[in-house]
Amino acid sequence: MWSGGTSNPWTSGQLFDIVLWTTFGIVAVVVYLAGAAFAMRLRNVIRARRYSAFEAIWEPLLLDVVSDLRPPTDLLETVPQRSTRHFLKFLVRYARLLAGSDRRIIGEIAAPVLPRILGDLEARSSSRRALAVQTLATLGIEDHGARIAGALDDPSALVSMVAARSLAGSNHPEYIGEVLSNLHRYTEWNSRFLASMLASLGMEVAPALRSFLKAEGNPIDRAVAAEALGLLTDPAAGEIAAQVLHTGPHKELAAALLRLLRTVGGPDHAAVVRGYVPSRDFALRAMALNALGTIGDASDLEILEQAMYDTDPWVAINAARALLEAGGDDRLELIAQSDSPQAVLAQELMEGRAA
């Protein structure tokens, strides 16, 4: 018969045991984590001391080798297998500080040791693969250029970019094809940075850049090639830029081509540029006017003057600057002395010219 009470499935002793064991578990986890942190810290301290001890031995020997007072073997004999990576980091530090024959000596010292880290190019860690690429490029680009180029196809875009930058900074234009074929992987990087990277390989890569620009492909990548050709000031790129502009390309590519024509174009390319003056896109209008100020003729002065009254202020400013650059001083002077809404703009430009 129900008495009106409720049964309690937990006794006070059971509750106490649960709290006790839970507390014990928490304390055990905290102690374990503290111990692991201490062990890691201790390991790092021991490693740092060991590396410092090695560097204290390596540094005077390296200076003697660079000064031709000792053979490289005297230094290499002090490098145990397990300290290979740290020794190469040590050499990279010096290689970045030295130049000429001293830099070459660093490369000669590293040459017998570098093959030990080739396996790192296949490591699971992308950071280790990237470090291996960087080390090989700094100390042995001549011997390991092909392996570095192979890293352009690495699954990690970061490793691929490290390889691309390494090759671009190595004066080895023969790898431009491999770099261009991987350009689409570097969308996270600024296009101007990429263009500068390509241009750093020098004029020898201009033919490859022109071919890449002319061929069908990703318009963003081709825009980077156009920017690079502009940085190289490649005159042969003007004709290709005009041909591609005739096809009405993607906006970003068209903008890069207009900038390229402003740098390397000539009067023969002015007609295609004029076709972009009435564009619905204000940026393309501005760039077209900018280019006309450089490669246009006297007949374009009227176009530039009228464009000063464009509804977009950025277009108007570019038109005024282009008019000044094209020799339209007299037109700007008349506008500056008028009651025109653009009088202030013309006055500022004329004052800036006088200054």
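Rings of Phe, Tyr and Trp (its six-membered ring) pair if their centres lie within 6.5 Å, and a pair counts as stacked with planes under 30 degrees apart, as edge-to-face over 60 and as tilted for the rest. This is a predicted model, in which local features need pLDDT of at least 70 and side-chain atom pairs count only at pLDDT 80 or more, while totals for chains, interfaces and linings use all residues. Residues are numbered from 1 along each chain as its sequence is written, and side-chain values use heavy atoms, with hydrogens and water left out.

**Exercise 1. Describe the aromatic cluster that includes Trp58, and the ring pairs within it.**

Step 1. The structure holds 5 aromatic pairs. One of them joins tryptophan 58 and phenylalanine 87, whose ring centres are 5.0 Å apart with 75° between the planes, an edge-to-face arrangement.

Step 2. Tryptophan 58 belongs to helix α1 (residues 12–66) and phenylalanine 87 to helix α3, so the pair ties together parts that are 29 residues apart in sequence.

Step 3. Continue to phenylalanine 90: its ring centre lies 6.3 Å from that of phenylalanine 87 and the planes meet at 25°, so this pair is stacked. Both residues lie in helix α3, 3 residues apart, which is about one turn of the helix.

Step 4. Check burial, where buried means under 20% relative accessible area, exposed over 50% and partly exposed in between (1.4 Å probe, protein chains only). Tryptophan 58 is buried at 0%, phenylalanine 87 is buried at 0%, and phenylalanine 90 is buried at 1%.

Step 5. Together, Trp58, Phe87, Phe90 and Tyr94 form one aromatic cluster.

**Exercise 2. Which residues line the largest cavity?**

Step 1. A cavity is a set of points on a 1 Å grid over the protein atoms alone where a 1.4 Å probe fits but cannot get out, and lining residues have an atom within 4 Å of a point. The structure holds 1 cavity of 30 Å³ or more.

Step 2. The lining consists of Arg85, Leu88, Lys89, Ile117, Asp120, Arg128, Leu131, Ala132 and Thr135. Two or more of these residues come from each of α3 (84–95) and α5 (126–150), and α5 gives the largest share, 4 residues.

Terms used. 1 Å grid on protein atoms, 1.4 Å probe; cavity = no way out; pocket = protein on both sides within 12 Å on 5 of 7 lines; lining within 4 Å. Points joined across faces, edges and corners; volume = space filled by probe spheres on them.
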